[in-house]
Amino acid sequence: MSRPVADIGPGLGQTRLAIILPSLLCNYDCPYCRIKAKTRQRGEHTLAAWRDALIGIGAPLVHIAGGEPTVLKGFAEFVLGYPAPLRMTTNLWRAPDRWPPGVWARFEYVTLSFHPDHTDFDAFAARAARLLALFHRREDQRPRLACTIVADPRWIDALPDWIERLTALGLDARAQYLNRPVGDAGSTYTAADLARLRALGVPMSSDAAGQEAHADNGAKMCDAGMAYCHIDPRGNAHRCSRDPLWLGNLFDGSFDWLDGPRRCETACTEACDRTFARFTPLETDS
Ligand code: SF4
Ligand code: SF4
């Protein structure tokens, strides 16, 4: 049994979560990725500055995303020095036992993402097995480990075997729809691809493909921003990954959580928004 994962929410006793993107820098170049860069961008901050600024807003639980966060200078020092639990999404490019002792135990939840354009399956699975082995006889200190594979049409047919083998290792393995916001003209699936994927019945990380509009995507009252936010590489915080409502900047002292739900007209498609936000569809006059 892995260590417990905190509930995220605005109620008493529930935890606040900041999803941070300190940089879009990544050592991979996945063709389906919309959030990657080969150089650090102007205005990005060091991880030491992120640590101090996050402590300044009360040290929320932090999910480090990117880009690939483990390529950033000072990554291990940030992880070992941050005073609250952490979460992370990583492509697991580096052997897990090459990090300093204690790094992995600082995380309550880690999503390992497998990208077949950059690593073969057996090498990725071997690294995942080494990560699990670090917690042999210390299961109660192991982060909960999920694994996602983007269900690119090029490898749809390999997904059942990959997911079965990762699940057998002890990972919560899922495929993930190619995910573009509603209205984005970028290519995702043909109707035939989507039907083929669904016919396989592999576990998916969300129930609707990104190109599909959810039935409740009209006006809503949503609590995103009260206990959950996204912070971009320059420190600008928004209440979720899709809606532009600004919560201030982490680095200039203007950041604040919302004090109640707010109206939202944004189409809500990303899996993480639907995981952490609670919203109520509003009746409209149209
Ligand atoms: S590893 Fe992740 S962040 Fe990097 S290019 Fe691939 S999908 Fe994008
Ligand atoms: S309804 Fe969806 S898009 Fe709107 S604020 Fe909430 S999570 Fe974000």
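In describing the surroundings of a ligand, Ala, Val, Leu, Ile, Met, Phe, Trp, Tyr, Cys and Pro count as nonpolar, Asp, Glu, Lys and Arg as charged, and the others, Gly among them, as polar. On that basis, the shell around ligand 2 in this predicted model comprises six nonpolar residues, one polar residue and four charged residues.

The members of this shell can be located individually. Cysteine contributes Cys-222, Cys-240, Cys-264 and Cys-268 to the surroundings of ligand 2. Ala-277 and Phe-279 also belong to the shell, as does Thr-266. The charged residues Lys-220, Arg-239, Asp-243 and Asp-273 complete the set. As to its location, ligand 2 sits in the largest cavity.

Ligand 1 has a shell of its own, made up by class of five nonpolar, three polar and two charged residues. Cys-26, Cys-30 and Cys-33 surround ligand 1 together with Tyr-28 and Ile-35.

Lys-36 forms a salt bridge with Asp-29, and the closest N and O atoms are 2.8 Å apart. The pairing is in keeping with a general principle: side chains of opposite charge can pair when their charged atoms come close. Lys-36 is partly exposed, because its relative accessible area is 29%. Asp-29 is likewise classed as partly exposed, with a relative accessible area of 43%.

The contact between Lys-36 and Asp-29 is a salt bridge, and a search of the whole structure finds 17 salt bridges. Another of these joins Asp-152 to Arg-154, with the closest N and O atoms 3.1 Å apart. Asp-152 counts as buried, because its relative accessibility is 8% and the limit for that class is under 20%.

A further salt bridge is formed by Asp-157 and Arg-196, whose closest N and O atoms lie 3.1 Å apart. This pair links distant parts of the chain, the two residues being 39 residues apart. Asp-157 lies in the loop between strand E5 (144–150) and helix H4 (159–169), while Arg-196 belongs to helix H5 (residues 191–200). Asp-157 is exposed, because its relative accessible area is 54% and that class begins over 50%. Arg-196, at 32% relative accessibility, counts as partly exposed.

Asp-117, Asp-152 and Arg-154 are joined into one network by salt bridges that share partners.

Notes:
Residues are numbered from 1 along each chain as its sequence is written. Chains are lettered from A and ligands numbered from 1 in the order in which they are written. This is a predicted model: local features need pLDDT of at least 70, side-chain atom pairs count only at pLDDT 80 or more; totals for chains, interfaces and linings use all residues. Side-chain values use heavy atoms; hydrogens and water are left out. A residue is near a molecule or strand if one of its heavy atoms lies within 4 Å of it. On a 1 Å grid over the protein atoms alone, a cavity is a set of points where a 1.4 Å probe fits but cannot get out, and a pocket is an open set with protein on both sides within 12 Å along at least five of seven lines; lining residues have an atom within 4 Å of a point. A molecule sits in a cavity or pocket if more than half of its atoms lie within 2 Å of its grid points. A salt bridge is a side-chain nitrogen of Lys or Arg within 4 Å of a carboxyl oxygen of Asp or Glu. Buried means under 20% relative accessible area, exposed over 50%, partly exposed in between (1.4 Å probe, protein chains only). Helices (H or I, at least four residues) and strands (E, at least two) are DSSP runs, numbered from the N terminus.
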